[in-house]
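Have your viewer open and try each task before reading on.

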Amino acid sequence: MSTQTVSADPRFAGLPGRPGKIVAVHLSYASRADQRGRRPAAPSYFFKPSSSVAASGGAIGRPAGTELLAFEGEIALVIGEPARRVPLADAWEHVAWVTAANDFGLYDLRANDKGSNVRSKGGDGFTPIGPSLVDARTVDPGALRLRTWVNGSLVQDDTTAGLIFPLAQFVADLSQHFTLEPGDVILTGTPAGSSVVVPGDVVEVEVDHPGTGASSGRLVTTVTAEEGGGYDASVGSLPAVDDAQRIAAWGSRAAAGLPETDEPGTATLSAALRSKLASIPVASLSSQLRRRGLNNVSIDGVRALPGSGKLVGTARTLRFVPNREDLFQTHGGGHNAQKAAFDAVGEGEVIVIEARGEQGAGTLGDVLAIRARVRGAAGIVTDGAVRDHDPVVAAGLPVYSAGAHPAVLGRKHVPWDTDLTISCGGATVQPGDIIVGDADGVIVIPPALAEEVADAALAQEQSDGWVVQRVAEGHPLEGLFPMNAHWRARYDAEHGGGEST
């Protein structure tokens, strides 16, 4: 086991020296995973530059023109002995020390990083570590505690018992891919409670072992406003934020100051209205929308996959753009917009995909269909193709598509963005619009009209059913369909009056 030395560079005062590698875990605590609505089956990682390390007592500057600087209190592991392909049972022996870390991130730059976090988490001072090292041999890695305070208020409080993966697994897993060398640092993820901080805030992180009293001490960082500078659009991405990034950074819609009713699928489709729409044929709903001047609400060219059944839900949108090789390199890999949409879809929501009617490549396959089903999605609509046709059918989720194709996404498409107004099958679809589909096709209903249209369509179904009975009795269509005054009076008499709309 390595012995601790003191670094000559003040930035690395909380470490034995400048680390060769800093590897950070994306998602590791159950509390954070539940907050994000997904639990990974295996750990995933990103690198941070050693130039991002800072010592306790320093400051982090929020760059000019940005708003979403978020803290993440974490436990840092410092490697003491080289580790290459070590088994899980022996992995902890390669850890020399544990200490506190703060994995700061700038969500304004997150979207264009696509999971790499190079720009969003690689800034100078974005990885404070320390102030003291705790000998890993003296603590139980399953009983460490992590706490974070902002301006003196406790905002994160969790233990390694709440990890999805034990600490040693990160060492064993990473050592399968490259050698972990003495001084390397592993940032082991953050629990729930991470949020945005602003200039003037003071963030403190501590890692301790209550059983022995061993502690890293409090890692203190003050947030300041970085003056001047900014970003040059001629050489790289500019900061950009939307409500999705605000929610991710703050931890919830409420914390971000966003109204709950603006979330896609929220408060636009009650259980009673959903049940009502499920009982009404799309043809009747289409007629009622047409009577209200809405003629362009049909998603044309899509048909239900076998066994799909009725589709009712609120739209969650995903847009593909035509494939361009350089753009697919930057937007096609990793946790791209397509995967993000399927990871984010909520119960009762419909993923609606803009694929420009292009059927020369799949827009989803069996893995994504299963993910949507597990998330409780109401269904999927794409004006492109599906691949893995039979397994997608077997997933048991209503899926409406323009066809099937064996090719993967990148042959024709680049997954670009989510939760925005799109075009699907010639219809404009906005997040939160109500989507209804059956064997006749799929239509889009503006939420503000949904209740009115549903009630009118039910009345229409009743009157149409009565007309069908009269036709079956042998009555001619003239005067009956549509009903003249004579037939209308007879119908009203049998149904207690009122006018069918």
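**Exercise 1.** At roughly what angle do the axes of helix α7 and helix α13 cross?

Before the solution, two notes on conventions. The model is predicted, so local features need pLDDT of at least 70 and side-chain atom pairs count only at pLDDT 80 or more, while totals for chains, interfaces and linings use all residues. Residues are numbered from 1 along each chain as its sequence is written, and side-chain values use heavy atoms, with hydrogens and water left out.

*Solution.* 
- Step 1: the axes of α7 (residues 271-278) and α13 (residues 450-472) come within 10 Å and cross at roughly 40 degrees.
- Step 2: angles under 35 degrees count as roughly parallel, over 145 as roughly antiparallel, 65 to 115 as roughly perpendicular and the rest as oblique; α7 and α13 are therefore oblique to each other.
- Step 3: on the α7 side, the contact (heavy atoms within 4.5 Å) is made by Leu273, Lys276 and Leu277. Ala450, Glu451, Ala454, Asp455 and Leu458 contribute from α13.
- Step 4: sorted by type, the residues of this contact are five nonpolar, no polar and three charged.

**Exercise 2.** Find which residues of helix α14 are buried, and decide how they are arranged around the axis.

*Solution.* 
- Step 1: buried means under 20% relative accessible area, exposed over 50%, and partly exposed in between, with a 1.4 Å probe and protein chains only.
- Step 2: in α14 (residues 485-494), Trp487, Tyr491 and Asp492 are buried.
- Step 3: viewed down the axis, these buried residues fall within an arc of 135 degrees, so they line one face of α14.
- Step 4: Ala485, His486 and Ala493 are exposed on the other side of α14.
- Step 5: the partner that the buried residues of α14 pack against is α13.

**Exercise 3.** Which residues of helix α11 are buried, and what do they pack against?

*Solution.* 
- Step 1: the buried residues of α11 (residues 366-374) are Leu368, Ala369 and Ala372.
- Step 2: they cover an arc of only 100 degrees around the axis, which puts them on the same side of α11.
- Step 3: exposed Val367 and Val374 sit on the face of α11 turned away from the buried side.
- Step 4: the buried residues of α11 pack against α10 (337-344), β20 (379-382) and α12 (389-394).

**Exercise 4.** Is Glu72 buried or exposed?

*Solution.* 
- Step 1: locate Glu72 in the loop between β5 (69-70) and β6 (73-79).
- Step 2: the relative accessible area of Glu72 is 7%, so Glu72 is buried.
- Step 3: not counting residues up to four places away in sequence, Glu72 touches several residues, including Arg32, Asp103 and Lys121.

Methods
Axes fitted to C-alpha atoms, helices over the stretch in contact; angles between N-to-C directions. Helix = DSSP H or I, 4+ residues; strand = E, 2+ residues; numbered from the N terminus. Nonpolar A, V, L, I, M, F, W, Y, C, P; charged D, E, K, R; others polar. Arc of directions from axis to C-beta.
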